Amino acid sequence: MRTLLLPLGLAATLLSPFLAQAQPASPLTLERALQLAGTGSPVLSAAQRELEASDGALQQAGAFPNPALNASVEDTRRATRTTTATLDFPIELGGKRQARVTAAERSQDLARAELGNAQAQLRATVIASYFSVLLAQARVQLAGDSAALATRAADAIAKRVAAGKVSPVDETRARVDQANAQLEAAEAVAELQAARHGLAALWGDEQPGFSEVTGDASQLPSPAALHELRQQLDASPALQASRIEASRRQAMVEVERSKAVPDITLSLGAKRDNELGRTQAVIGVSIPLPLFDRNQGSVLEAGRRALQAEDAHRATRLRLLGELQQATSQLALARSSVQTLQDTVLPAAQRAFDAASQGFEAGKFGFIDVIDAQRALLQARSRYLNTLSGAHQAAATIDRLLGR
């Protein structure tokens with residue numbers, strides 16, 4: 001029996017920190033979790049800042065170039081000094097300003113689409129994390145029931161050993177099962193705490209401000225037909241962002257092409273000749289000669305990057321379509337499995353366990369029969385929770401892909 005003290009003590013050690021923590025009184029609903037994430041998520045805030053920054057980029061893209069003031073003095077002697085002052089006005093040609101504005105507008109559209117995509121991603125993540133906590137709570141309860149069953153079985157075996165009806169080996173085996181069940185209960189509590197912290201982190205809380213989440217995990221969403229989901233996918237934020245990125249890259253091609261046209265600089269000013277005692281008007285123009293640098297390398301680079309963005313858009317669509325098909329199949333399979341588990345597997349496992357327990361108490365079955373029936377029941381319940389978890393994860397994936 002001394003060998004059983006170690007796992008039992010370890011289970012108590014793992015459980016005690018969580019049981020000792022003071023839990024907040026308020027439960028958390030899914031609607032409240034989505035509201036908290038929408039107002040407190042740092043990821044969403046960063047995407048919003050990017051959209052706000054694009055306003056400045058658009059404003060700067062439409063700015064005209066500044067004039068330049070030039071002044072020069074010939075001869076340092078006052079009597080023979082000549083002073084020249086001009087204002088140089090750069091004049092952009094080739095549609096440079098309009099090209100910059102168009103590219104900045106596409107960048108702003110991209111930032112807006114990225115914000116929508118971030119909102120969709122966050123919503124799906126919150127829903128998935130919420131149901132992870134909800135199912136983790138159910139696993140804690142299941143592990144607690146398992147530990148209670150193992151304790152009752154061990155106590156019953158101990159009484160039968162004391163009465164000389166069964167071998168002490170059965171009691172040792174029952175105590176080992178009891179210790180393992182208690183360890184599994186401690187692990188379930190630790191997983192629940194990790195899930196709660198993960199959910200709270202989505203709106204920037206370092207510690208969960210809720211005691212539990214409420215809801216019915218057995219209520220699964222009904223998937224729409226795949227062809228309807230594919231139509232919705234084309235309007236998803238992720239594909240919109242990919243499509244706008246391709247458009248922005250094409251706008252950058254026009255920006256680089258406009259740079260191939262040289263700008264001219266118009267100079268207006270006056271020249272004062274002290275020796276002659278007169279002031280003369282100065283008018284000039286400066287025209288760069290594009291003999292060597294016609295920005296051909298940058299135009300080529302921008303064009304290839306535009307083609308790359310189009311290829312990336314097609315690849316993104318195919319990837320999202322594959323993920324959508326996979327998630328839809330997983331959700332349909334999970335719904336079917338949940339129905340089978342609810343209607344057939346769980347009731348049969350419960351009946352088998354009840355019959356084995358009653359037969360053991362009546363002396364008709366051995367302890368091994370009870371343990372096997374108990375394990376089958378607990379495995380069926382665990383599989384049921386895992387299937388529910390997979391269904392909700394698949395549903396959250398569909399929502400994330402479609403941006404709803």
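1. In this predicted model, the contact between helices α2 and α4 is made on the α2 side by Leu30, Ala33, Leu34, Ala37 and Gly38, which meet Leu122, Arg123, Val126, Ile127, Tyr130 and Phe131 of α4. Sorted by class, the residues of this contact are nine nonpolar, one polar and one charged.

2. As to geometry, α2 (residues 30-40) packs against α4 (residues 96-162) at an angle of about 140°, and their axes lie 10 Å apart. The pair is therefore oblique, since an angle has to be over 145 degrees to count as roughly antiparallel. The crossing of α2 and α4 is right-handed.

3. The largest nonpolar core contains 66 residues, and those with the most contacts inside it are Leu28, Leu199, Trp203, Val213 and Leu233. At least two residues of this core are supplied by each of α2, α3 (42-61), α4, α5 (168-201), α6 (226-233), α7 (237-258), α8 (296-361) and α9 (367-402), while the largest share, 17 residues, comes from α4.

4. Trp203 deserves a separate entry: leaving aside residues up to four places away in sequence, Trp203 touches Leu28, Ala33, Leu36, Ala37, Gly40, Ser41 and Phe210. Among these, Ala33 and Ala37 also belong to the α2 residues that meet α4.

5. Ala111 is placed in helix α4 and counts as buried because its relative accessibility is 6%, where the cut-off is under 20%. Apart from residues up to four places away in sequence, Ala111 touches Glu50, Leu51 and Ser54. Ala111 and Ile244, although 133 residues apart in sequence, are separated by 9.5 Å in space, C-alpha to C-alpha.

Definitions and conventions. Residues are numbered from 1 along each chain as its sequence is written. This is a predicted model: local features need pLDDT of at least 70, side-chain atom pairs count only at pLDDT 80 or more; totals for chains, interfaces and linings use all residues. Side-chain values use heavy atoms; hydrogens and water are left out. Axes are lines fitted to C-alpha atoms, for helices over the stretch in contact, and angles run from 0 to 180 degrees between N-to-C directions. Helices (H or I, at least four residues) and strands (E, at least two) are DSSP runs, numbered from the N terminus. Angles under 35 degrees count as roughly parallel, over 145 as roughly antiparallel, 65 to 115 as roughly perpendicular and the rest as oblique. A crossing is left-handed if the near helix is turned anticlockwise from the far one by less than a right angle, and right-handed if clockwise. Contact means heavy atoms within 4.5 Å. Ala, Val, Leu, Ile, Met, Phe, Trp, Tyr, Cys and Pro count as nonpolar, Asp, Glu, Lys and Arg as charged, and the others, Gly among them, as polar. A nonpolar core is a set of buried Ala, Val, Leu, Ile, Met, Phe, Trp, Tyr and Cys residues joined through side-chain atoms within 4.5 Å. Buried means under 20% relative accessible area, exposed over 50%, partly exposed in between (1.4 Å probe, protein chains only).
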